[in-house]
Amino acid sequence: MSTSLHILIVTFIVLLVVIALLILAVLLYAFYGYRYFRRADAWSEVIGQEVVQSIVSGEVVESEVIDRLNRKRSFRTYFLEKLVNAEGKFSGMAGSVIRRIFSEYHLEKEALQKLKQKKLFLIAGGIQELTAMRAEKALPEISKFLNHSSPQVYQEAQYAQVTFRGFEGLRFLNSAKGVLSDWQQLRLLNSVASVPPDGTELVRSWLQSENASVVIFTLRLIRKFQLLTIYPELLILLGHESEQVRIQTVQTLQALENDTTLEELEDTFLSQPHEVQVEILNVLKKMGDVRAKDFLFQQLHGHIAPAVRIKAAEAIHSLGMKHELTQITDDENTSEELIFIIKHALQERK
């Protein structure tokens, strides 16, 4: 009995010690957290004054306080973060001044140090910071991450290439293995201002990439810059193994439309999956070419897929043929399904 009591007392004491340690840990965490936020508030005020004064004067205003604080790594990290956030809010001369502050206080070393870390978010963050601050000297180091296994990292490296070098920065597409997300593609497209005259050969080579996302990006690039001379190569992509590539190809053909586009889309229609067929009909609707009338009525009456028939009816309606569609619905021999489809296209669905 005494042994059991002894064990119980020891257990109780251990629990008390554990609870006391937990309480102490929470108090210490709260204390250091409070100190950090107090310190961060003070740092933020100092940095804010530096940024405002420098922007107003148009040149970097030296600060003894920042010179002293800049010896602490924690401050440099915070300073860099604040400058990157500020640079995103300003452009023109103000943005240029912020980047000069970055250079004046040698914060490039801080960002470069992140590229040597193992944590992915730190590497990606370092690349973002160097890109935002236009630290072009760091491009060779950033380029090492173009084939990194992490999308978080390689996408930032890709964006840096295009930010610094424009169209020439897209050469990473020659060997890109990772997927280019839609968001990444938009970022890259927004960073390319023009395609040089000798750039079309590169664009043609990217259309042949085994990476479907590279092909899709290239098609969007062709649409943006209206690269009309590449039109013939697009027709080959209507047989691509990726449906998304085919859909983007259809959209690109419409963007570069010429006298043969309608016939080419009609010719390929039956060989395409239903999703691509729907996109072709969407494109015919946008084109508004009355020559497509017979083809569209064919699909309305004869196609097996309701989604395709609905799109055909919508395209017919867009040609100004509401009367012809109404006549079909009024015909007593018209099936209920077809009536429903047409009324849907006329926005009269019950």
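Figure 1. Beyond its neighbours within four places in sequence, Arg187 is in contact with Gln155, Glu156 and Tyr159. This is a predicted model. Arg187 sits in helix H9, which covers residues 182–191. Is Arg187 buried or exposed? Arg187 is buried, because its relative accessible area is 16% and buried means under 20%. The side chain of Arg187 also meets the side chain of Gln184 in a polar contact of 3.0 Å.

Figure 2. Asp182 and Arg220 form a salt bridge. Their closest N and O atoms are 3.2 Å apart. Asp182 belongs to helix H9 and Arg220 to helix H11, so the pair ties together parts that are 38 residues apart in sequence. Side chains of opposite charge can pair when their charged atoms come close. How many salt bridges does a search of the whole structure find? The search finds 15.

**Figure 3. Helix H10 and its cover.** Helix H10 runs over residues 200–207 and is mostly covered. Six of its eight residues are buried. These are Thr200, Leu202, Val203, Arg204, Trp206 and Leu207. What covers the buried residues of H10? The cover includes H11 and H12.

**Figure 4. Arg204 and its two salt bridges, to Glu201 and to Glu233****.** Start with Glu201. The closest N and O atoms of Arg204 and Glu201 are 3.1 Å apart. Both residues lie in helix H10. They are three residues apart, about one turn of the helix. Arg204 is buried, with a relative accessible area of 18%, whereas Glu201 counts as exposed at 54% relative accessibility. Now turn to Glu233. In the salt bridge of Arg204 with Glu233, the closest N and O atoms are 2.5 Å apart. This pair links distant parts of the chain: Arg204 is in helix H10, Glu233 is in helix H12, and 29 residues separate them. Glu233 counts as partly exposed, at 27% relative accessibility.

**Figure 5. A salt-bridge network of Arg73, Arg76 and Glu110****.** Here, salt bridges that share partners join Arg73, Arg76 and Glu110 into one network.

Figure 6. Helix H13 has 13 residues, 243–255. At the start of H13, look at Ser242. A side-chain oxygen of Ser242 comes within 3.3 Å of the backbone nitrogen of Gln244. Which residues of H13 are buried? They are Val245, Arg246, Ile247, Gln248, Thr249, Val250, Thr252 and Leu253. Their cover includes helix H11 (212–225), helix H12 (231–236), helix H14 (261–268) and helix H15 (274–287).

**Figure 7. Leu238, a buried loop residue****.** Where does Leu238 lie? Leu238 is in the loop between H12 and H13. Why does Leu238 count as buried? Its relative accessible area is 8%, and buried means under 20%. Setting aside neighbours within four places in sequence, Leu238 is in contact with Arg246, Thr249, Val250, Leu253, Thr268 and Gln272.

**Figure 8. Thr260 in the loop between H13 and H14****.** Is Thr260 buried or partly exposed? Thr260 is partly exposed, with a relative accessible area of 34%. Its side chain makes a polar contact of 2.7 Å with the side chain of Asn258.

**Figure 9. A nonpolar surface patch that includes Leu21****.** The patch is made by Ile9, Phe12, Ile13, Leu16, Val17, Leu21, Leu24 and Leu28. Its area is about 730 Å². Take Leu21 as one example. Leu21 lies in helix H1, which runs over residues 2–57. Why does Leu21 count as exposed? Its relative accessible area is 53%, and exposed means over 50%.

Conventions:
Residues numbered from 1 in each chain as written. Predicted model: local features only at pLDDT ≥ 70, side-chain atom pairs only at ≥ 80, totals over all residues. Heavy atoms only, no water. Patch = residues over 30% accessible without salt bridge, like charges linked within 9 Å, V, L, I, M, F, W, Y side chains within 5 Å. Areas by Shrake-Rupley, 256 points an atom, 1.4 Å probe, with all protein chains shown as cover. Salt bridge = Lys/Arg side-chain N within 4 Å of Asp/Glu carboxyl O. Helix = DSSP H or I, 4+ residues; strand = E, 2+ residues; numbered from the N terminus. Buried < 20%, exposed > 50% of the residue type's maximum accessible area, 1.4 Å probe, protein only. Expected span 1.5 Å × (residues − 1). Contact = heavy atoms within 4.5 Å. Polar contact = N/O pair within 3.5 Å; in protein donor to acceptor, adjacent residues only side chain to side chain.
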